[in-house]
Amino acid sequence: MHIETERLILRDAVPEDWEAMHEYSSDPQVVTHSMWGPNTEEQTKEYVAQIIEMQQQKPRMSYEFVVVLRETGELIGGCGIHQAGYNGEIGYTFNPRFWGHGYATEAAFTLLRLGFEELGLHRIHATCRPENEASAAVMKRIGMKREGRMREHLFFKGAFHDSELYSILRHEF
Ligand SMILES: CC(C)(COP(=O)(O)OP(=O)(O)OC[C@H]1O[C@@H](n2cnc3c(N)ncnc32)[C@H](O)[C@@H]1OP(=O)(O)O)[C@@H](O)C(=O)NCCC(=O)NCCS
């Protein structure tokens with residue numbers, strides 16, 4: 001799978017991508033709000049192997065893409081969409097060297113297009129930790145609406161965490 005947008009390419013990962021992905025997956029400031037990380041090299045390689053294996057699913061229910069800047073060919077982040085019936089969930093992580101340019105917004109919007117126009121989804125949701133304002137801002141920019149807060153539904157890094165839940169329906173897209 002290979003999708004081109006104005007500034008980005010969203011494509012399936014290949015084994016050689018691990019190093020560029022590791023640059024941000026091993027960065028503590030990137031994973032502050034995530035269940036995973038900071039990754040060791042082994043963990044990033046294992047994750048890349050998992051998402052490559054995912055490419056073989058039939059029918060394919062999960063897409064984890066690497067995001068490449070068209071202008072320079074640099075790998076700047078990752079994003080994904082996971083299907084469960086008529087529902088989808090999206091997520092994204094970018095290298096901080098490329099924050100603040102709207103790339104995450106452009107990639108997340110592309111995932112909505114894939115979900116509604118190609119996968120036939122009716123609803124797409126995303127979650128973030130309440131402190132993760134940058135992620136909530138991406139969700140709002142792509143037209144998602146806040147549904148509410150899931151209280152202490154996740155346990156990771158030694159504590160229970162809340163999540164903000166956002167979604168968008170097909171007719172709102
Ligand atoms: C969440 C994350 C991807 C957001 O990255 P980001 O760079 O803030 O988001 P965008 O790429 O959409 O860029 C938005 C910023 O670019 C600016 N911008 C510039 N050009 C833009 C454009 N064409 N379109 C939209 N925004 C643009 C916006 O004004 C905004 O700046 P601001 O933060 O100063 O208001 C990033 O913070 C991240 O990787 N965090 C760690 C992982 C993570 O938390 N993932 C989400 C898990 S729930």
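Pro38 sits in the loop that runs between helix H1 (18-25) and helix H2 (41-54). Helices here are DSSP runs of H or I with at least four residues, strands are runs of E with at least two, and both are numbered from the N terminus. This is a predicted model, in which local features need pLDDT of at least 70 and side-chain atom pairs count only at pLDDT 80 or more, while totals for chains, interfaces and linings use all residues. Residue numbers start from 1 along each chain, following the sequence as written.

Pro59 belongs to the loop between H2 and strand E3 (62-69). As background, most peptide bonds are trans, and most residues other than glycine have a negative phi.

On the phi side, Glu152 has a positive value near 45° without being a glycine. Glu152 is part of strand E7 (residues 145-156). Glu152 counts as exposed because it has 11 C-beta neighbours inside 10 Å. The cut-offs work like this: 20 or more other C-beta atoms within 10 Å of a residue's own make it buried, 12 or fewer make it exposed, and anything in between is partly exposed, with C-beta atoms placed from the backbone. Lys157 also has a positive phi, near 50°, and is not a glycine either. Lys157 is found in the loop between E7 and strand E8 (159-169). With 13 C-beta neighbours inside 10 Å, Lys157 is therefore partly exposed.

Now for the inside. Leaving out residues up to four places away in sequence, Cys79 touches residues including Leu10, Phe65, Ile90 and Ala108; a contact means C-beta atoms, placed from the backbone, within 7 Å.

Finally, 19 residues surround the ligand, and the closest are Trp99, Gly102, Ala104, Thr105 and Cys128. The shell splits into nine nonpolar, nine polar and one charged residue; Ala, Val, Leu, Ile, Met, Phe, Trp, Tyr, Cys and Pro count as nonpolar, Asp, Glu, Lys and Arg as charged, and the others, Gly among them, as polar.

Technical notes
Two residues are in contact if their C-beta atoms, placed from the backbone, lie within 7 Å. A residue is near a molecule or strand if its C-beta atom, placed from the backbone, lies within 6 Å of it.
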